[in-house]
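Subject: A structure for you to look at

Hi there,

Here is the structure I promised to pass on. Have a look at it first, and then read my notes below.

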Amino acid sequence: MLVYLAKRLAMMIPLLIGITLISFVVIHLAPGEPTDLQTDLNPKASAEMRERLRERYGLDQPLAVQYGRWLAHLAVLDFGESFAQDHRPVLDKIVERLPVTIMINLLSIAAILAVAVPLGVMAAVRRNSPFDKVTTVLVFTGFAMPSFWLALLLMDFFGVRLGLLPIAGLRSIGYEYLSFGRQVWDVVSHLILPVFISAFGGVAGFSRYMRSNMLEVIRQDYILTARAKGLPEAQVIVRHALRNALLPVITILGLSVPGLIGGSVIFETIFAIPGMGKLFYDGVMMRDYPLIMGILVIGAVLTLIGNLLADLGYALADPRIRRS
Amino acid sequence: MRRCLALLVLLLFGCQGQEQSVPGSDADARPAYGDTFIEASIGEPSNLLPVLASDSASSEINGLVYEGLLRYDKNLRLEGVLAESWEISPDNLTFTFHLRQGVKWHDGQPFTSADVLFTYRMYIDPKVPTSYAEDFKQVAKAEAPDPYTFRVTYREPYAPALESWGTAIHPRHLLEGQDVTKSPLSRAPIGTGPFRFVEWKPGEKLVLEGNAEYFAGRPYLRRVVYRIIPDSSTQFLELQSGGLDFMGLTPIQYATQTDTPAFRRGFNKFRYLGFGYSYLGYNLRKPLFQDLRIRQAIAHAINKQEIIDGVLLGLGKTATGPYKPDTWVYNPQVKTYAYDPVRARTLLEEAGWRDADGDGVREKGAQKLAFTIVTNQGNDLRAKSAEIIQRRLKEVGIDVQIRIVEWATFLKEFIFPGNFDATILGWTGGPEPDQYNIWHSSKTGPRELNFIHYKNAEVDDLLERGRRTFDQAERKKIYDRFQAILAEEQPYTFLYVGEALPAVARRFRGIEPAPAGITHNFIRWYVPESEQKYAR
């Protein structure tokens with residue numbers, strides 16, 4: 001087991017270097033440079049100052065040299081300094097945005113599991129029933145609905161028209177002066193819509209997935225055996241069928257580890273939440289190479305680790321895999 | 001669903017409407033201190049050291065925290081701020097500023113001429129990555145003979161220089177001898193302005209409070225909060241729900257979406273011409289556009305008013321040149337091109353373009369009269385203008401294609417290499433009329449602003465003289481001629497000047513619309529005590 005683990009970890013290093021190399025080249029292929037935002041079409045910026053900026057950022061060097069330098073810094077976990085005008089360390093900028101992104105994503109995964117698993121199971125057990133048909137229609141509607149549009153409708157309805165929920169942001173103005181209980185409600189009420197929206201599409205997909213898993217399991221011989229033993233239907237479904245149908249969920253959870261830090265530009269923008277998605281998007285728009293690379297590296301590492309964890313978790317949960 | 005919601009709202013607000021009186025009209029509301037003014041910023045400010053920042057979010061905040069020696073007053077004339085007065089030597093080379101005494105930095109240190117000298121040196125320091133060094137490089141000598149006098153001497157007379165001393169003055173005692181890019185001031189600024197910095201929660205909000213020791217008197221508003229809300233639809237929803245007190249509206253928001261009794265009860269709307277215009281610029285290196293008749297024909301074929309009505313919902317004015325119509329430098333007597341398709345067709349015929357094969361597109365020999373308008377993605381107004389122009393030009397037999405490209409690619413692949421036929425873009429200027437960088441023939445190099453390659457010896461001469469002349473009447477003559485030539489030659493077809501359309505919560509009083517807009521007297525804005533919304 002340990003040998004296997006070591007092998008897997010060692011394999012990750014060349015993979016990671018490959019990922020960074022490709023990302024680095026692709027990013028630099030896009031037209032435009034970080035200095036452009038400051039200098040292009042700016043009557044007050046001279047050519048000399050542009051050159052000075054390029055030199056400062058090391059953009060005057062060949063791409064191979066730039067990559068080498070970047071990699072050398074990364075080896076000691078130095079992600080460098082952002083090319084944006086705030087010149088802050090990339091790591092600071094990422095760390096500042098992480099907590100809220102992780103919190104919303106955890107809440108949303110929890111919400112997805114809590115809603116989608118029962119929904120999928122029920123739809124599978126009562127296959128072709130009116131319940132199944134109605135959920136199918138709802139799920140596909142949810143899938144097809146653009147989340148930004150739904151978000152705006154909900155904000156308009158609950159925020160402007162009913163005045164029940166705040167529209168955007170994470171805290172109200174004057175949050176510091178509220179009592180503790182009110183502060184908790186303030187944060188919760190700010191989170192309701194964003195978590196709902198970010199979970200909405202997930203519920204649709206995941207409940208479908210759960211339904212087809214469950215259908216497959218129910219057809220197995222051991223379910224027939226369980227029923228033949230005379231077990232109550234509830235026990236057959238929950239103990240025998242559901243536990244096996246949940247196995248692939250491990251893989252999904254493993255794959256969602258990188259998703260924990262990758263926010264969504266769309267809902268973060270609409271809800272004015274300072275998350276990773278917006279950070280990354282802005283970074284790309286202003287060609288902030290160190291920031292883009294920093295986020296990509298962290299994302300890549302988490303993806304690789306998530307895959308590894310999923311494989312290990314699978315082995316733990318399923319004796320058949322452990323043995324082979 | 002939308003319709004149901006709208007109906008519901010009508011019912012909800014309809015009931016409230018009868019009980020509420022209309023605030024904002026009572027004359028006896030007295031100025032009072034207190035309350036919070038909340039506005040939104042689309043982007044996170046990048047850097048609160050003015051020398052390093054070039055984004056609008058930072059500039060707006062820096063404008064309240066820092067001050068320059070002078071600024072434009074409400075009538076767009078320069079007035080002293082940190083300088084009480086100034087003199088210009090008879091040869092127009094030396095400016096002497098007499099600084100205000102008793103001004104303090106927000107940390108309590110006195111402001112002196114050493115700060116001004118330091119700021120000047122910082123701007124020209126090659127190690128400081130600033131976009132604003134150019135104006136200061138013209139300075140031959142800067143000196144601070146005593147703590148309240150600052151004197152600069154230029155190599156040659158340079159009229160835009162005076163304006164450049166509106167640049168924010170930085171505190172010497174906190175920045176000298178340090179790497180400016182690493183200064184903590186970029187996250188927590190210390191200036192001399194009417195508002196001081198309190199806190200910045202990244203991605204969330206930035207808070208300023210009124211400076212009680214401000215030399216011109218403490219601002220009435222206790223606090224100003226910038227909320228970072230990156231989506232403009234969200235901003236608009238926040239404004240309607242009372243989460244924002246101020247927002248610049250889009251034409252459609254101004255004209256229709258805010259035209260409700262509920263909105264009128266809560267907000268005052270203002271409109272005034274902005275400092276910016278949109279244009280259709282022709283690549284003058286393309287043989288097609290070197291023919292003046294073609295450019296004039298296009299100008300006649302375009303209906304500018306139609307573009308303003310369609311794109312800006314009427315909230316704008318037609319542009320005839322690079323200056324906005326309500327400034328001293330604007331020349332109302334230039335040649336204009338009325339919408340006249342007949343005249344356009346005649347000009348095209350004269351230039352030898354005829355539709356011989358009857359396909360609706362004119363040709364000369366084997367060449368079709370066709371070109372592409374390229375513009376940047378993300379600016380809906382430009383894309384729509386292009387479509388309207390496309391239709392009108394088709395009517396006179398010109399085939400126009402439209403291409404919309406992401407900003408960086410647009411500049412890199414199309415504009416700077418000269419790889420375009422025509423483009424729709426805009427320039428934002430200011431009260432200073434110098435247009436040297438955009439129109440002078442020496443500014444056609446790679447990545448310079450005269451990317452349409454306009455070359456006219458008389459214009460060159462006018463631009464050179466314009467920036468050396470200080471007398472406003474003299475300058476006016478020069479720039480009048482400049483505008484007349486541009487109007488005749490149509491290197492751009494100037495399209496429109498858009499309007500700024502701010503909405504301000506009704507409880508704020510003391511707002512005086514003027515040529516400079518509404519924020520020129522922001523420190524005198526107040527909320528009567530009975531209407532204050534935020535007690536702390």
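**A hairpin and its sheet**

In chain B, strand 4 and strand 5 form a hairpin with five residues between the strands, and Asn92(B) takes a positive phi near 60° there. Strands here are DSSP runs of E with at least two residues, helices are runs of H or I with at least four, and both are numbered from the N terminus. Please keep in mind that this is a predicted model: local features need pLDDT of at least 70, side-chain atom pairs count only at pLDDT 80 or more, and totals for chains, interfaces and linings use all residues. Residues are numbered from 1 along each chain as its sequence is written, while chains are lettered from A and ligands numbered from 1 in the order in which they are written.

Trp86(B) stands opposite Phe97(B) of strand 5.

What is the order of the four strands in the open sheet of chain B? It is 4-5-7-6, with antiparallel pairing. Strand 4 (83–88) and strand 6 (139–146) of chain B are the edges, each pairing on one side only.

On its way through the sheet, strand 5 (residues 94–99) of chain B also has five bridges to strand 7 (residues 149–154) of chain B. Thr96(B) has Arg151(B) as its bridge partner there, and His98(B) has Thr149(B).

Happy exploring!

Note on methods. Pairing = 2+ DSSP bridges.
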